[in-house]
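Subject: Structure handover

Hi,

Here is the structure I promised to send over. Please open it alongside this note; my findings follow below.

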Amino acid sequence: MKKTASIFTKITLGVLLAGSIAACNQNKPADKTAATPATTASDKPAIVYVNEDSVSLKYEYAKDMRKRLEDKGKSAQNDVGGRKQAFQREVVEYQKGANTLSADQRATTEQRLQRESQELQTYEQNAGAQLQSTQADESKKLYEKVYEFTKQYAKDNGYKMILTFQTGSTQLLYADKSLDITADYLKKLNEAYTKDKK
């Protein structure tokens, strides 16, 4: 979930930077009847925002992604857990019969158990790294999907900039509720995902 939030934060920062640069390069309007940068000639806002919390929770692709990642995480955890339990049983069996083994047999068994312990640690680390890699790939796909959709959505609706708002975020301290397009954005975002799934 934090990765998802991070993606939207990156989008917001990029859009804010682009907007700031564009604003710096504009000349001041010659007369006071010219449209402000936040509105178009038809009084439709050029800059709007989407509630990131709502999109994170209600975007079907993001829900499916979280489910896939949770399933992979549980599967990896169960796999590693099963291997650890098997190793623990092996250690317990050795400890039970250690007194009946010769010194050479004990030394050989202990070396084997130590090697298996190290292999298990390596396996666990690799499983964790693979899961992190999968999460990064999924986050990248999510970012690309949201970016491409947002670009087209802005074009279709005549918006110059779409910002994100997240509860507790200091990047967008205030925006008038009339600029909130979350409901329509989310509806169309989910419709696009439903079409892609078919």
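This is a predicted model: local features need pLDDT of at least 70, side-chain atom pairs count only at pLDDT 80 or more; totals for chains, interfaces and linings use all residues.

Helix 4 is the main contributor to the lining of the second largest pocket, giving 6 residues. Helix 3 also takes part: helix 3 and helix 4 each supply at least two lining residues.

Next, the helix packing. A pair of packed helices is described by two values, the angle between the axes and the distance between them.

Helix 3 with helix 4

Helix 3 covers residues 60–97 and helix 4 covers residues 103–157. Their axes lie 11 Å apart, at an angle of about 180 degrees. Angles over 145 degrees count as roughly antiparallel, so helix 3 is roughly antiparallel to helix 4. The contact between helix 3 and helix 4 involves 14 nonpolar, 6 polar and 14 charged residues.

Helix 3 with helix 5

Helix 5 runs over residues 182–197. Helix 3 packs on helix 5 with the axes 8 Å apart and an angle of about 60 degrees. That angle makes helix 3 oblique to helix 5. From helix 3, the contact uses Glu 60, Tyr 61 and Asp 64. From helix 5, it uses Asn 190, Tyr 193 and Lys 197. Sorted by class, this contact holds 2 nonpolar residues, 1 polar and 3 charged.

Helix 4 with helix 5

How do the axes of helix 4 and helix 5 cross, and at roughly what angle? They come within 11 Å and cross at roughly 120 degrees. Helix 4 and helix 5 are therefore oblique to each other. The crossing of helix 4 past helix 5 is right-handed. On the helix 4 side, the residues are Lys 145, Val 146, Phe 149, Thr 150 and Tyr 153. They meet Asp 184, Tyr 185, Lys 188, Leu 189, Ala 192, Tyr 193 and Asp 196 of helix 5. This contact of helix 4 with helix 5 has 7 nonpolar, 1 polar and 4 charged residues.

Best wishes

Technical notes. Residues are numbered from 1 along each chain as its sequence is written. Side-chain values use heavy atoms; hydrogens and water are left out. Axes are lines fitted to C-alpha atoms, for helices over the stretch in contact, and angles run from 0 to 180 degrees between N-to-C directions. Helices (H or I, at least four residues) and strands (E, at least two) are DSSP runs, numbered from the N terminus. Angles under 35 degrees count as roughly parallel, over 145 as roughly antiparallel, 65 to 115 as roughly perpendicular and the rest as oblique. Ala, Val, Leu, Ile, Met, Phe, Trp, Tyr, Cys and Pro count as nonpolar, Asp, Glu, Lys and Arg as charged, and the others, Gly among them, as polar. Contact means heavy atoms within 4.5 Å. A crossing is left-handed if the near helix is turned anticlockwise from the far one by less than a right angle, and right-handed if clockwise.
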